[in-house]
Amino acid sequence: MTKDEIILANKECLFPSVFHYYRDPLVITHAKDQYVWDADGNQYLDFFGGILTISVGHCNDKVNAKVHAQTDKLQHVSTVFATEPQAALARTIAGIAPGQGWKSFFTTSGTEANEMAILAARCYTGSSEIIALRHSYHGRSSLTMGLTGQGAWKLGPVMQPGIAFAHNAYCYRCPFGLTYPSCDVKCAQDVKDVIRTTTSGQIAGMIAEPIQGVGGFITPPKEYFGIVAAIVREHGGIFISDEVQTAWGRTGNKWWGIEQWGVTPDMLTSAKGLGNGLPIGLTAARPEVANALKGLTISTFGGGPIPTTAAKAVIDLIEEENLAVNAAETGAYLRGRLEDLQERHPIIGDVRGMGLMQAIELVRDRESKEPATEETARLMEAARKNRILIGKGGLNGNVIRISPPLNIRRSDVDEFICLLDLSLLSIRA
Ligand SMILES: Cc1ncc(COP(=O)(O)O)c(C=O)c1O
């Protein structure tokens, strides 16, 4: 198909809810490591990684070799039969999980992973009430849209009772108008108020992202999750860390984003970077919680030989090549370079994130912090022209999300910053 035929077919044959970035959609034909190419043969430096999914580079040779071999050996039998790839992945995850004896359930997406986590929390506690955070994103099913704290991502009539929303820890735009640290992390205490005022007081649990992804890489103060997890447990609930974006070393030095905050969750969910592009969802739980799910349940493709082979290869590679350390070190370098840009470009109101998960929030003026939504759209177009891929996020669409593969080098960061700088200069006019 030609580029135009692809765009036309998308327009005529896909649901209109399938949206593309940019005024003229970018048709990608192939990719390798940190680069992708469009239908006109242009090369782009990919600093978004298919929404934080390309964890070890596009079409990674080592991962692909294992996937190709598995494709020729066994593709599918479903989980009513035991296979080595699923068992080996579950064993590997048990070895890096936040506690002893953790068990895994595999599905095909982050949405399903979160569905499973909420089900397990409800079965374990006997309560149905869940706390979620404003500005969160947890998926596209009815339940997970219900858990999502951004109106734009809640389609159709929302039909999910039993979910209450606490304020998030958004220091740049504190919902209480306070300043850290003199605020005493009031947003964390808000969870207690929400439980006491909007639930029966006995909750099933709370789900939260260690750093809010779609929300615009909103990064809480270090005390936040410790306080919140304690409050949740005081009210009978379990704490679920949604690590769809933050796992696998992305935040630097540690496997799980929640570890950055010194908190051990009761359950965690992940997807995206685990498969480096192959569809896989993970719900992992401490044994008591996993064991509470007594009935039968099945995900036809969950735990299949191909995605689980890919996932184990990804984890092995992250370990062998010390990529979580690279995420910390190259991420710190990237952060420093973004802060340099902030000094020269007044439109950058905030720089935040951890490791190789960094964002800039764009504002019309630093005093009023008016979101620079239109300018962000223009920056996306300019970045495309300058051949870099970045992501957009935030409730107001004014946050640029930067999340390259975990194995990029400083030279890639230098090239990226130079092109981002040019893009920022071009939207000033
Ligand atoms: C934090 C978080 N949770 C859940 C999901 C849903 O994952 P999926 O799109 O694989 O269903 C996403 C997707 O962006 C996410 O960022």
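Reply: Two residues are taken to be in contact if their C-beta atoms, placed from the backbone, lie within 7 Å. By this criterion, and leaving aside residues up to four places away in sequence, T29 touches W37, D38 and A39. The model is a predicted one, in which local features need pLDDT of at least 70 and side-chain atom pairs count only at pLDDT 80 or more, while totals for chains, interfaces and linings use all residues. Residues are numbered from 1 along each chain as its sequence is written.

T29 belongs to strand β1, residues 28–32 (strands are DSSP runs of E with at least two residues, helices are runs of H or I with at least four, and both are numbered from the N terminus). Is T29 buried or exposed? T29 counts as exposed because it has 12 C-beta neighbours inside 10 Å; the limits are 20 or more other C-beta atoms within 10 Å for buried, 12 or fewer for exposed, and partly exposed in between, with C-beta atoms placed from the backbone. Along the chain T29 and G41 are 12 residues apart, and their C-alpha atoms are separated by 8.5 Å.

Strands β1, β2, β3 and β13 form an open sheet of 4 strands in the order β1-β2-β3-β13, with mixed pairing. Because β1 and β13 each have a single partner strand, they stand at the edges, and one side of each is left without a neighbour in the sheet. Two strands count as paired if DSSP finds at least two bridges between them. In general, strands of a sheet pair through backbone hydrogen bonds, in either a parallel or an antiparallel sense.

Each pairing can be followed in turn. Between β1 and β2 there are 4 bridges in the antiparallel sense, and I28 has D38 in β2 as its bridge partner. Strand β2 (residues 35–38) is also antiparallel to β3, over 3 bridges, with V36 partnered by Y44. The hairpin of β2 and β3 has 4 residues between the strands, and within it G41 takes a positive phi near 85°. Strands β3 and β13, by contrast, run parallel and are joined by 2 bridges; here D46 has L389 in β13 as its bridge partner.

Helix α13 itself comprises 17 residues, 410–426, and its first and last C-alpha atoms lie 24 Å apart, close to the 24 Å expected at 1.5 Å a residue (the expected span being 1.5 Å times one less than the number of residues).

The domain assignment of the protein gives domain 1 as 3–56 + 323–426 and domain 2 as 61–320, the bounds coming from an automatic or database assignment. The centres of the two domains, taken over C-alpha atoms, are separated by 24 Å. Across the boundary, 31 residues of domain 1 are in contact with 30 residues of domain 2. On the domain 1 side, two or more residues come from each of α2 (49–52), α11 (323–344), β11 (348–354), β12 (357–362) and β15 (399–402). Helix α11 supplies the largest share, 6 residues. By class, this side has 16 nonpolar, 10 polar and 5 charged residues (Ala, Val, Leu, Ile, Met, Phe, Trp, Tyr, Cys and Pro count as nonpolar, Asp, Glu, Lys and Arg as charged, and the others, Gly among them, as polar).

Helix α2 also holds a backbone feature. I51 is located in α2, and its phi is near 60°, a positive value in a residue other than glycine. With 16 C-beta neighbours inside 10 Å, I51 counts as partly exposed. V185 likewise has a positive phi, of about 50°, although it is not a glycine. V185 is placed in the loop between β6 and α7, and it counts as buried because it has 20 C-beta neighbours inside 10 Å. The loop between β6 (163–166) and α7 (186–198) also contains P181. The peptide bond from Y180 to P181 is cis, with omega near 5°.
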